[in-house]
Amino acid sequence: MLKFVVRRLLQMIPILAILSVLLFLFIHSLPGGPAIALLGERATEEGIEQIEEDLGLNDPLPVQYTRYMKNVLQGDLGSSTRTRQPVVEELKQRFPATVELGLAAMLFAVVVGIPLGFIAAKRYLGVLDNTSLFLSLIGISFPVFFLALLLKYLFAIKLGWLPTIGRIDVTRGLDTPTNFYLLDAAMARDWEAFKDVLRHLVLPAIALGTIPLAIVTRITRAATLDVLNEDYVRTARAKGLDPSVVDRRHIMKNAMLPVVTIIGLQTGLLLTGAVLTETVFAWPGVGSWILDAIRNRDYAVLQGGILFFAVMVAVVNLLVDVSYAFLNPRIRLR
Amino acid sequence: MSIAQAEARELILEQPAGLWSDAFDRLKRNPSAILGGVLILTFVLTAIFAPWIAPHGPGEQVGSLSGNGIPPGDGHLFGLDKQGRDYFSRVVYGARLSLLVGVVSVGVGLSLGLLLGATAGYFGRWVDNLIMRAMDVVLSVPAFLLAIGLVTLLGRGLVQIMIAVGLTTVPIFARLLRGSILAQRESEYALAARSVGVPGRRLLLRHILPNSISPVIVQGTLTVATAIIEVAALSFVGLGPADPGLPEWGKMLADSASRLESGAHLVLFPGMAIVISTLGFNMIGDGLREAIDPKLRS
C-alpha cells in the first residue's frame, strides 16, 4: 500500500512538470499582458515598457520559466502583479475558503444523494424512483449560476433567512489562523461565530452541491441495482440475515465502489462550479481569484493557482484509489 | 406455390428490426424521452420561427429606459428590460443563438473527436498511445476552465466561442469512439470482412464505424445540453459574445444579476429558458441511451 502511494506520488512529478510548461506557454500567449491590464486605457508605450522591464517580461521565455521554477522549488510562487501580494500568502487565505465550500457541497451531495439513490433502487420503477430520476435530470440541467441566483433571491433577499454574500459577518472579529472559518470558530469556542459561518455556507454549498447530488443519486441507484440481484445477496437473505444487515454489509458496501469513483471525479467539476458560485456569493475563494487573474493577466496568480489545483486534483484521485482497497479487499494496490 | 415456398417467402418478408427502428420503438414508449422530444421541438420551432413569435425585434426599444426594467404585464408577457426592450422577444430570439451555439459546438467537438478517435482506434499502437495520452492531458483540465482559457486566447467572437466550447468536448468523443471501435475491430463480422478481402478503409468506414457510432450519438445529445450551459456560463463571467446587443441567455442573466431585488424577472426568464432547453436534450439523451442499449434489445 505504502509502496503504491509513493510510486503514484513520484509519477505525478513528470506530469506536473509538463503541465507547468504548457501552462506557462499558454499564459504568456494570452493577448494583452499584465502591463496593459494594470495601466488600462491610459497605457503609454513607455509605461508598458517600464512595467514589463520591472516584471522581467522582456527576457526570453525559457529564461523566465527557469527563473520561475527555481523560485517555485523554494516555495515562492511569485507575487500578484495586481495586488503585489505574494501568491503563497493569498493562496493560504483563499484555498481554505474554496475547500470549505467544496467539502460542504460534497457533504450535501453525499448525505442526501446516497440514501436517495439507495431507496430509489430498492423501489425500482416505483413512484419514488421515477421522481428522483426526474429530479436528478432537472438537477443536471440547472446552470450553477442560475440556481445560485435563485437561492440567493428566495432565501436571502425575499425571505431574509440567510446572508447574501461572503463567508462571515464583516463586523465579527474572528481570529482565523487556519482560514477554515468553521474550524477557527470551533477552536476559539466562539459558537455565535460558528453559527454565523454556517449560515453563510448553506446557500453556496447547496448551489454548488446540486449537480454532484444529481450525479451521486443516479450512480448510487444504478450501482445498487447492479448489486441487488447478485447471488451473494440472495444467499445472505436466504440464510435469514437481518434485512438491514444485508442492506448495509452486502449491498451498500459493494455498491459504493462506483460512487466513490464519481465523488473523486467531481473535484474538477467542483472547481468549475466554484468559479460561478463564488462569483454570485462574493465568496473569497480560488475560483473567483483565478477568474480575476485571467481578466487582469495576473501571470503569477494564474500559474500558481492553477498548478496548485492540479496537485489537489491529483491527490484526490490518489485518495480515491486508496479508498478502493478499503472498500473492496479483492483489489490489491500495486 | 408449395408450402415450403410460402414459408420461405414469409421468412424473407419478416425482416429483422434494425437497431434504429428498434430503438425508436422503445423511445416512443418512454414518457420521459417523449417529454424531452416535445421540449426540444418547442425549442427548435421557437428558434426557427422567432421573427413570427416575437412581437418585437430583439434590439427594438419599445418602452422607456429604466434602472430595473418593468415587470411582466401591460401587454408585455415577460416585461421590459432596462433598455426598454420587450423581454419576451429577446428570450425568443435567444433560442436561435443557443440552438446555433449548442449544435455548432457539438459539431466541432464531434467531428474532431470522431477523426481522432477513429484514427486511434483503427491504427492502434503508437498512434493510439499518442492521441489518447494527449486527450488525457486535455481531460485533466476542467472543461469550463479550458473554455475560459481558449476564449481568452481566441477572442470573444461568437465563432471563437463555439470553437472553444467545441474543443473542450473533443476528448470525450475521441475516447468513446476509440473504445467502441476497439471492441468492434475484434468482432467476428470484422474478421469475416477482412478474410474476404475488404480493404482497410472500406472496412473502417462501411462496417466498423456504423456499428460503433451509437454511444457517440447518445453522448452528442447530452453534450448539446452541456454546450448551451457552458456558453451561458462564459457569458455570465463576462466572456460571452462581445456584441452587447446579442440576446444571449447567459448574458441577459448576468446583466441583471446585480438587480435581483427589483428586477427578478430579468433573471428568471432567461434562466428558465436555459433550463428548459437543456432539460430537453438531457431527457432525450437519457432515453436514447436506454433505447439503444444492446443489453435491452429483445
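Helices (H or I, at least four residues) and strands (E, at least two) are DSSP runs, numbered from the N terminus. Axes are lines fitted to C-alpha atoms, for helices over the stretch in contact, and angles run from 0 to 180 degrees between N-to-C directions.

This is a predicted model, in which local features need pLDDT of at least 70 and side-chain atom pairs count only at pLDDT 80 or more, while totals for chains, interfaces and linings use all residues. Residues are numbered from 1 along each chain as its sequence is written, and chains are lettered from A and ligands numbered from 1 in the order in which they are written.

Select residues 286–296 of chain A, helix α12, and residues 299–327 of chain A, helix α13. Their axes come within 9 Å and cross at roughly 145°. Now colour the residues in contact (C-beta atoms, placed from the backbone, within 7 Å). From α12(A) these are A:Val286, A:Trp289, A:Ile290, A:Ala293 and A:Ile294; from α13(A) they are A:Val301, A:Leu302, A:Gly305, A:Ile306 and A:Phe309.

Next, select helix α10 of chain A, residues 231–238. None of its eight residues is buried (20 or more other C-beta atoms within 10 Å of the residue's own, C-beta atoms being placed from the backbone), so α10(A) lies largely in the open. After α10(A) comes A:Gly240, with a positive phi near 85°.

Last, show both chains. The contact takes 29 residues from chain B and 25 from chain A. On the chain B side, the elements giving two or more residues are α7 (143–154), α11 (214–236) and α13 (264–291). The largest share, ten residues, comes from α13(B).

Key: Two residues are in contact if their C-beta atoms, placed from the backbone, lie within 7 Å. A residue is buried if 20 or more other C-beta atoms lie within 10 Å of its own, exposed if 12 or fewer, and partly exposed in between; C-beta atoms are placed from the backbone.
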